[in-house]
Amino acid sequence: MEVTEDNLATLANYLQQTLNPDPNIRRPAEKFLEGVEVNQNYAILLLHLIDKESADPTIRVAAAVTFKNYIKRNWPVEEDGVDRIHASDRATIKTLIVSLMLKSPESVQRQLSDAVSIIGKSDFPEKWPGLISEMVEKFGTGDFHVINGVLRTAHSLFKRYRYEFKSQKLWEEIKHVLENIAKPLTDLFVATIELTNTHANNPQALKVIYGSLVLICKVFYSLNCQDLPEFFEDNMPIWMPNLLNLLQVKVPSLETDDDDEKPGVMEQLRTEVCECAALYALKYEEEFAPHAPAFVTAVWHVLLTTGAKPKYDALVSNALNFLSKVAEKNNYKSLFEDPATLSSICEKVVIPNMEFRESDMELFEDNPEEYVRRDIEGSDVDTRRRAACDLVRTLALHYEDKMMSIFGQYVEVMLNKYAESGGSAWVGKDTALFLVTSLASRGATQAAGVTKASPLVDLASFAANHVLPELQRPNVAELPVLKADAIKYIMTFRSLLPKELLITALPLLIQHITGRGVVCTYGACAVEKLIAGGMVPRAALEPHAPALLGALFASLGAQDNPTEHNEYVMKAVLRTLAILRESALPYLGEALPKLAGMLAVVAKNPCKPHFNHYLFESLSLAVQLVVKANPSAITAFEDALFPIFQEILQNDVQEFMPYVFQMLSLLLELRGSGGGTGDAGAEAYAALLPCLVAPPLWERAANVRPLVRLLCAFVATRADRVLADGKLNAMLGVFQKLIASKTNDHEGFYLIQTILYKFGESVMQPYTKQIITLLFQRLSSSKTTKYVRGLIAFLGFFSAHFGADTLIDLVDSVQSNMFAMYVERVLVPDVQKVTGALERKAAAVGCVKLLCHSAHFREGGLARLWTPVLQALIALFELPPDESTLPEDHFIEVDDAPGYQPQYAQLACAKSNTNDPLASIDDPKRYLAESLATMSRSYPGLLPPRVAALSEPHRNALHGYLAAYSVQLC
């Protein structure tokens, strides 16, 4: 594709069509662009179109978005993947993109800035060393459109320093960045602050200038996250007083009141300054100490003067977070330990920011999903309530007695006021419950809730007096916020509350599942957590099963409306079925059609991944429970589910295909083990087989494991059909593709082991040499730890089933003396790396077969390796797995996978029963001792000198096995 006017016009025309609302016009245009993006110069054409000032602005933005998505999909190359961008295009893109980004309109600039960040993540600094210097030199232009473009890109590029793990590579990159940007950024910071004075009477200019200061603070924060750079430490006298001043400065023209939701530029700036100050207070305590008192005073002033509007939430949250970080440190104890100070903090800062506001009520009523996400999932990290709660916890940790005394008084006042008002002062009780939870909590886990609480709070007494009464009100819709608070209290302290109280609360919680919105969700979530944590055992749950399952199925939401589907209710259904098991059978008849109907609906538009996962889990569990009780019921499940599965596969619903393959495996295994006898079902499975070995399905990473499982299920239950339909060769082709991949080689071993185990030597003999050839070719081309583990376990399995000498002769038929090289270079040094009980057992049994059942090892050319193999086997028994890695190991970053890839999620309720192909051998140590005894009787005098050649620790361990099983060698 040459860069010509004709090609630019054609490209612009197709981009115009991609914006058309009519799918008949839009989709062909999208397909065309996908088809031509592999051509050389495609990306360069896009950049020229973006640069063309005469082009329609919407086309330029569309080209920028298309370019960004093209870079996102294709720039990172997977380890086993193909590079879809020509090398000269890569070089040209890096030459053009920075200057083009900086001169483009802001709508285009943001897209190109993202593209620079994506390229930078892969190429910077090794393959793009000049990026930072090219950007920094633009600081000198004085054009804030350009400067802000550079800062936005720098922020996007450096923000990963906030969360990346320390490593030498990261240190070197940050050092390179600091050498190039630390001084220019500091100079720009000072110059920009001076410009705020120069343009003090120009609101439009001030907005841009303060916007730059917001971005400068973001970059400053990222550069300081890993460690305190020497340059910034030396220049703290410049940065800290100026940051403090930015926190205090008033700019009347920018202090807007026209929007209650969206923070203005000054709110954003103060928010960033608080975040930088909190970082220094937490990580660089000693260096920050001289500046801390002034910042505490300024932040305190910000908290007292900032209103309750949602647009100030991030600022207040960061300000409270700063106080928490300072309060954690012993150096600053004097600032907080005065009771008057603590009282002031409680009254003026904590309680006002914990109060339930009108905006919270709107969220509670209109968007319960978002409310739940913030309140119990912990995505409320930026909310005032969470920040106030963190401050209370920090203070309670250091000044427990004073805090309990002072805050306890406020709690009592609020609870009394609520009791006197007859319920109208419910906001005060809501705050009191939140405050008690914050004060009492000392340590928590996801699985068990709060596991450690303050001894000064009587949780059970508080629950009995103030929590259960809210749930005992007969009307579940009355004071819903307090109902939700009460349920949350039980959920939070479930590990510490008495069992009797929880059993008393259970029917009340079930009753609230019939409520609306947040109350329903919290009720379902609480029951699920009580069951999962074992606080409500099966015996206590069974009497309530009809009411619980009835409430849950009624609350799942309208079957045909995915927006109403509630993932917490679905999870509670799954958890309830899992604990009740056979006791749930009477209720499944009514539930299954509803679940299948829901699956048919969500398959058309999968939008709630957690709900969908629990739905598939529940269906899988229901299938298992029902078919176990009534094997002939499998046909009814197939009749209900196959049409839905067929639609998912035909419509290529990527998110659901791994689930469908797992459920098909489950159904096939249940049917194969005696469930159902009808031919129609068997034919339906057989019709699937040709599709399953087709290459396109295997190109998606999420499909690989479930497809391997399904092929193994076919081999296990339909071996004759696989042979009759001539699909064995296709399966071996799949094995060849898997074994060549570093990511999927373990799946290749699983597949070929199942094929060999089920078909046996008579069928597989013509293929075994080619299989061994492929395995050793991969070993020589890419010897990773994972592959070596798999190979040792697989060859152990092979020699156990087909004979040690058969294996040796087969390997040596590929290349003379290759088995000896394998033993010396792989088996003996690396058998210790094998992990997993079945894999270690296979490796051990394989070694015993070589030692005791092989003529080559007994008296042939491999006899010299007998003692080293036995020594390696004893080490396998006695020592923990060797976790060291091999030089060719490379870890593939999941985030680097180009484009959208649905992730594989295993269905716990559809797992296959792990079959042990060596089940006849219970204890490998015993098997070794008894095999040596048999060999010793057959070949007297052969073993003692070989055993004597072992090192002393290994010899002692072997004598221990022989003595344990009453074996003597002669």
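**Entry 1. Strand pairing**

I looked up the strands and found that E1 (residues 441-445) and E2 (residues 449-453) run antiparallel, joined by 4 bridges. Strands here, like helices, are DSSP runs numbered from the N terminus, with at least two residues (E) for a strand and at least four (H or I) for a helix. I take two strands as paired if DSSP finds at least two bridges between them. A hairpin of 3 residues leads from E1 to E2. Opposite Gly-449 in E2 stands Thr-445.

**Entry 2. Basis of the values**

I note that the model is predicted, that local features need pLDDT of at least 70 and side-chain atom pairs pLDDT 80 or more, while totals for chains, interfaces and linings use all residues. Residues are numbered from 1 along each chain as its sequence is written, and side-chain values use heavy atoms, with hydrogens and water left out.

**Entry 3. Helices H8 and H9**

I examined how H8 (residues 144-158) packs with H9 (residues 168-198): the angle is about 135 degrees and the axes are 13 Å apart. H8 is therefore oblique to H9. Axes are lines fitted to C-alpha atoms, for helices over the stretch in contact, and angles run from 0 to 180 degrees between N-to-C directions. Under 35 degrees counts as roughly parallel, over 145 as roughly antiparallel, 65 to 115 as roughly perpendicular, and the rest as oblique. The crossing of H8 past H9 is left-handed, that is, the near helix is turned anticlockwise from the far one by less than a right angle. From H8, Phe-144, Ile-147, Leu-151 and Phe-158 are in contact (heavy atoms within 4.5 Å) with residues of H9 including Val-177, Ile-181 and Leu-185.

**Entry 4. Helices H40 and H43**

I next took H40 (residues 785-802) and H43 (residues 837-852), whose axes come within 7 Å and cross at roughly 50 degrees. H40 is therefore oblique to H43. H40 also passes H43 in a left-handed crossing. Among the H40 residues that meet H43 are Ala-793, Gly-796 and Ala-800; on the H43 side they include Ala-842, Ala-843 and Gly-846.

**Entry 5. Cysteines**

I searched the whole structure for disulfides (a pair of cysteine sulfur atoms within 2.5 Å) and found 0. Cys-389 is in no disulfide, and the nearest cysteine sulfur, that of Cys-346, lies 13 Å away. Cys-389 is buried, at 4% relative accessibility; buried means under 20% relative accessible area, exposed over 50%, and partly exposed in between (1.4 Å probe, protein chains only). Cys-847 is likewise in no disulfide, the nearest cysteine sulfur being that of Cys-852, 11 Å away. With a relative accessible area of 2%, Cys-847 is buried.
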